[in-house]
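Here is a short report on one protein model. Please look at the sequence and the structure first.

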Amino acid sequence: MDRKQCCVKLSVEPSRGLVDEKFTVLVQNVSPGSQLTVHALHQCEDQYTWEAFAHYIANASGTVNVSEDLSLGGTYSGVEPMGLLWSLGPVPGSKPGLRMRKVNVQTPMEIRISVYQGHQTEGFTAQVPLAGVLVERWYMAPGVQRVPITEGGLTATLFLPSGPGPFPGLLDLWGGGGKLVEYRAALLASHGFASLALDYLTPKITLETGKMVDNTYFETAYRVLQQHPQVLGSRIGMLGLSFGTSITLKMAAYSEVVKLRCAICVSGSHVQPVDGSVSEILSYFHTNAEKTRFNEENQVIWRDLLLPIPTDPALKVDMGRIQCPVMLVVGEDDHNWPAKESAQDMKEMMERAGNSHLLTILSYPNAGHLIEPPYTPHFRATVFKTVNQRQKVMALWGGDTVPHSRAQEDSWMKTLAFLRENLYGSTNTAAASVSHL
């Protein structure tokens with residue numbers, strides 16, 4: 001290493017930001033034309049370690065700008081400003097099927113960005129980097145409040161944006177894995193929406209009674225949000241992913257209590273017994289269990305359980321009853337739910353009913369089931385525990401890393417714009433003025 005290489009400067013701006021904010025990684029004071037590896041290392045709360053890396057060549061002024069320069073190889077290639085995050089994967093030797101998910105949103109994700117001499121592919125922890133920077137990525141912006149909610153028998157967490165309010169509200173529902181998952185609601189609150197993360201498959205009341213919640217549970221959640229003094233009760237939307245889509249569409253179409261301004265459905269379907277409770281919907285899915293498939297790696301494929309899309313109106317939500325704008329987010333390589341076929345059928349139903357002007361479909365080729373906030377690593381298959389059978393399987397979600405990552409970034413930007421337009425109104429700039437880190 002020549003003397004100049006001893007004074008390598010590595011900067012990441014911003015070094016503290018929201019998880020959906022881009023950053024710029026800049027390496028300076030290296031020898032022109034030198035080969036460098038930029039490396040990202042993250043240890044999850046479950047103590048598993050993840051890494052990403054890319055190979056660069058310094059330009060004539062002795063710099064590498066990850067936002068502008070070409071990666072020649074590594075966990076990603078080409079010009080990828082955020083590749084160090086979306087290409088993160090478990091370090092070699094990790095157990096298979098891991099998924100990275102933030103549990104405690106009141107602490108940041110910490111990522112160590114380092115630069116190494118040469119084009120390295122392994123053994124990073126045994127080497128001394130030329131320079132390193134610790135980066136913080138937050139789901140909660142400064143001033144966002146986290147409020148546990150137990151009233152009405154709910155297991156939920158309300159995230160209130162910074163500022164006096166009142167704010168539009170959003171019910172946030174995840175899918176068939178259950179648990180209280182907070183990170184998306186926290187991030188949405190960071191963008192100006194009072195967001196209620198709701199556990200509806202494994203809430204305290206279900207664990208105590210052994211009974212799954214009925215539809216009034218969701219209406220209670222809506223009322224709690226509607227009646228909160230910092231929430232605009234007439235401006236509430238609903239966001240569901242996977243099985244959360246089933247509940248979102250059911251509430252939007254049939255509830256006399258839940259009156260939504262808009263709904264977003266990610267990677268789901270309208271197929272369900274329309275008069276069914278949560279447990280009856282799950283039971284219906286499992287009546288088709290013989291359609292479960294496994295690929296050559298013994299990863300389970302569930303998308304066929306709801307195919308072909310039924311023609312019986314008692315087995316799918318009447319989309320003609322929808323009276324608010326609906327956005328469907330579809331990964332066309334979803335192996336878990338028939339999201340693409342469902343979106344097409346919903347579109348045809350709404351065209352026949354005359355309300356298709358309310359429908360927006362975002363459909364992404366080669367994207368999988370788990371469409372998450374931007375720069376979340378892509379998980380093609382992970383260990384998954386079903387709520388009703390409590391068995392662990394390796395679920396195939398689908399998608400290819402680069403197009404899936406593009407889909408996450410594009411759909412998130414359009415999700416925020418859709419929510420601003422329908423919950424704030426396009427002329428209101430309050431949502432855009434939320435303080436970032």
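## About the model

This is a predicted model, in which local features need pLDDT of at least 70, side-chain atom pairs count only at pLDDT 80 or more, and totals for chains, interfaces and linings use all residues. Residues are numbered from 1 along each chain as its sequence is written, and side-chain values use heavy atoms, with hydrogens and water left out.

## The largest cavity

The structure holds three cavities of 30 Å³ or more. A cavity is a set of points on a 1 Å grid over the protein atoms alone, where a 1.4 Å probe fits but cannot get out; lining residues have an atom within 4 Å of a point. Points are joined across faces, edges and corners, and the volume is the space filled by probe spheres set on them.

The largest cavity has a volume of about 110 Å³. Its lining includes Trp174, Arg184, Glu372, Ser411 and Trp412. Helix 8 (residues 401-424) gives the most to this lining, with three residues. Helices (H or I, at least four residues) and strands (E, at least two) are DSSP runs, numbered from the N terminus. By class, the lining has seven nonpolar, two polar and two charged residues. Here Ala, Val, Leu, Ile, Met, Phe, Trp, Tyr, Cys and Pro count as nonpolar, Asp, Glu, Lys and Arg as charged, and the others, Gly among them, as polar.

## The second largest cavity

The second largest cavity has a volume of about 50 Å³. Among its lining residues are Asp172, Trp174, Gly178, Lys179 and Asp199. Its lining divides into seven nonpolar, two polar and three charged residues.

## Salt bridges

Side chains of opposite charge can pair when their charged atoms come close. The structure holds 15 salt bridges, each a side-chain nitrogen of Lys or Arg within 4 Å of a carboxyl oxygen of Asp or Glu. One joins Arg16 and Glu136, with the closest N and O atoms 2.9 Å apart. This pair links distant parts of the chain: Arg16 sits in strand 2 (residues 16-18) and Glu136 in strand 9 (residues 131-138), 120 residues apart. Arg16 is partly exposed, at 40% relative accessibility. Glu136 is partly exposed too, at 21%. The cut-offs are under 20% relative accessible area for buried, over 50% for exposed, and in between for partly exposed (1.4 Å probe, protein chains only).

Glu208 pairs with Lys204, the closest N and O atoms being 3.8 Å apart. Both lie in helix 3 (residues 204-209), four residues apart, about one turn of the helix. Glu208 and Lys204 are exposed. Asp333 and Arg380 meet in another salt bridge, at 3.3 Å from N to O. They too link distant parts of the chain, 47 residues apart, and each lies in a loop. Arg380 is partly exposed, with a relative accessible area of 35%.

Where is Leu362 placed? Leu362 lies in strand 19. Its relative accessible area is 9%, so Leu362 counts as buried. Beyond neighbours within four places in sequence, its contacts (heavy atoms within 4.5 Å) include Met327, Val329 and Ser411.

Thr202 lies in the loop between strand 13 (194-198) and helix 3. Thr202 is buried, at 17% relative accessibility. The side chain of Thr202 reaches the backbone nitrogen of Lys179 at 2.6 Å. Not counting residues up to four places away in sequence, Thr202 touches Gly178, Lys179, Leu207 and Val387.

Key: 1 Å grid on protein atoms, 1.4 Å probe; cavity = no way out; pocket = protein on both sides within 12 Å on 5 of 7 lines; lining within 4 Å. Polar contact = N/O pair within 3.5 Å; in protein donor to acceptor, adjacent residues only side chain to side chain.
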